[in-house]
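Dear colleague,

Please find below the structure that I am handing over to you. My findings follow directly after it.

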Amino acid sequence: MSRQRPRRAVVTGLGVVTPHGIGTDVFWKTVKEGGSSLAPVGKEGCDHLPLRIAGEVRDFDADALIEGTFLVQTDRFTHFAMAATQLALDDAGFGRADIDSPYSVGVFTAAGSGGGEFGQRELQKLWGQGPRHVGPYQSIAWFYAASTGQISIRNGFKGPCGVVAGDEAGGLDALAHAAHAVRRGTDAVVVGATEAPLAPYSIVCQLGYPELSRNDDPQRAYRPFTTAACGFVPAEGGAMLVVEEERAARERGADPRATLAGHAATFTGASRWADSRSGLARAISTALTEADCRPEDVDIVFADALGVPEADEAEALALTDALGPHARRVPVTAPKTGMGRAYCAAPVLDVATAVLAMEHGTIPPTPNVFDICHHVDLVVGRARAAELRTALVLSRGLMGFNSALVLRQGSVPPPERRSASV
Amino acid sequence: MTDQVDHQVTIDDLAELMKRTAGVSVDPLILEEESGSGWDTFGLDSLGLLGIVAELEKRHGMGLPEQMERCKTPADFLAVVNGVLMKGA
């Protein structure tokens, strides 16, 4: 092979649709302040369900953001994805003029819940009125793949496209797929995850999860790493990112904001939380190796923070296993306790938050959490100022997938070493 | 004209169906003027056409030929639909 500089995948744009608000400005303001947007479930048809608290996206006006032809054939989770994509493209300053060829831009998304609201509506027509009353778009709207397809069609992106159905951790895996596509020759990839799992049908599907919090107090329902941990609160929303090849980004005048430096994924079985310790530790070590980083290079950890005592303990121990003595020193945070877990989108929102945290030199706190009962330096109460060059984002899924992603600020190579090709 | 209202699908009806079932906004005057153009001129895809066929079948309580989606233009489509409706009337 030639001795060309390795192609690096860098983040150039962020688009978020979240319970805290839409767009990174309002999102970061609330995250930085440790604000919480958890509230009683307000969706129609959910009053009688035992899920009381969730992170809902409010004031999302799909009609104002998305054309009618796309609206009628897509679910709310895809509406989020299309809106977040536009925000990310705008944030990156990535316009039509920047696209050499439609084949130079790819799309990757992860999804865990699919189009539950759309699906419920059509299934109700099926059983209430008959098969003839089910619209043809049911065939595409509720699939996990819908968002990738519609983003591709709406924007004319014909590069490598893919969908990751890999549990919550799939959100990080989608970013790894995007980074691989960039390294293999694609100039830009739109990547991320959005979820809308709060329709009655979708909530009923989640009621079987023993990890789901049924607490009815927004301030107490999701408190990982404490003795009061009683499960997680689900959420909707998500994030899309523009990831580009470093040189291609610079050539069009965009600054690399963070580098996708390393990633690894493991599987340790559904709800076997004690076992997730070794899987998560292995994912962290492998991701750090790929990023050419040492444990002590990690400046901030975005925890999975499931909120189940056994899982929280496994995560704290995994950090010790993988980072050694540095695990006691490195700041850990979980801003998702103020938003809820939007399944695949939760770790992608953490990645977006990590980029913003590194840019602002600020570690956002973990809302609603006090009195930590594990040996981790969890940032609570107020944000902490810190120079952040390397962030580690962790994610686990209820079905047993574990993933770790390493981000480096800007496009700087790992400290004190020549950058290795990854 | 009034006698046939129940049994004919007009350009206006089609424009309304395109909007409601496929989210495609098209001025009925333009749809009429360009009724010999392909569906893609108006931004309607094959699933959208399928939805319109299903809606018409429900509305008129009858079956349309299986090959309706082969109609390439609004003019062809209306000719076939109204032909079936005339026979059924």
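I begin with a single pairing in this predicted model: A:Thr259 has A:Arg408 in strand S16 of chain A as its bridge partner. S15(A) and S16(A) make a hairpin with four residues between them, and A:Gly400 in the turn has a positive phi of about 110°.

Is S16(A) buried or exposed? Nine of the nine residues of this strand (401–409) are buried, so S16(A) is largely enclosed by the rest of the structure. A:Phe401, A:Ser403, A:Leu405, A:Leu407 and A:Gln409 point one way, while A:Asn402, A:Ala404, A:Val406 and A:Arg408 point the other way.

Turning to the helices, H11 (residues 273–290) and H12 (residues 309–323) of chain A have axes that come within 8 Å and cross at roughly 35°. The crossing is right-handed. Residues that meet there include A:Trp273, A:Leu280 and A:Ile284 from H11(A), and A:Ala314, A:Leu317 and A:Asp321 from H12(A). The contact comprises ten nonpolar, two polar and four charged residues.

Finally, the contact between the chains involves ten residues of chain A and twelve of chain B. On the chain B side, helices H1 (11–22) and H3 (46–60) each give two or more residues, and H3(B) gives the most, with six. That side consists of five nonpolar, five polar and two charged residues.

Yours sincerely

Notes
Residues are numbered from 1 along each chain as its sequence is written. Chains are lettered from A and ligands numbered from 1 in the order in which they are written. This is a predicted model: local features need pLDDT of at least 70, side-chain atom pairs count only at pLDDT 80 or more; totals for chains, interfaces and linings use all residues. Two residues are in contact if their C-beta atoms, placed from the backbone, lie within 7 Å. Ala, Val, Leu, Ile, Met, Phe, Trp, Tyr, Cys and Pro count as nonpolar, Asp, Glu, Lys and Arg as charged, and the others, Gly among them, as polar. Axes are lines fitted to C-alpha atoms, for helices over the stretch in contact, and angles run from 0 to 180 degrees between N-to-C directions. A crossing is left-handed if the near helix is turned anticlockwise from the far one by less than a right angle, and right-handed if clockwise. A residue is buried if 20 or more other C-beta atoms lie within 10 Å of its own, exposed if 12 or fewer, and partly exposed in between; C-beta atoms are placed from the backbone. Two strands pair if DSSP finds at least two bridges between them.
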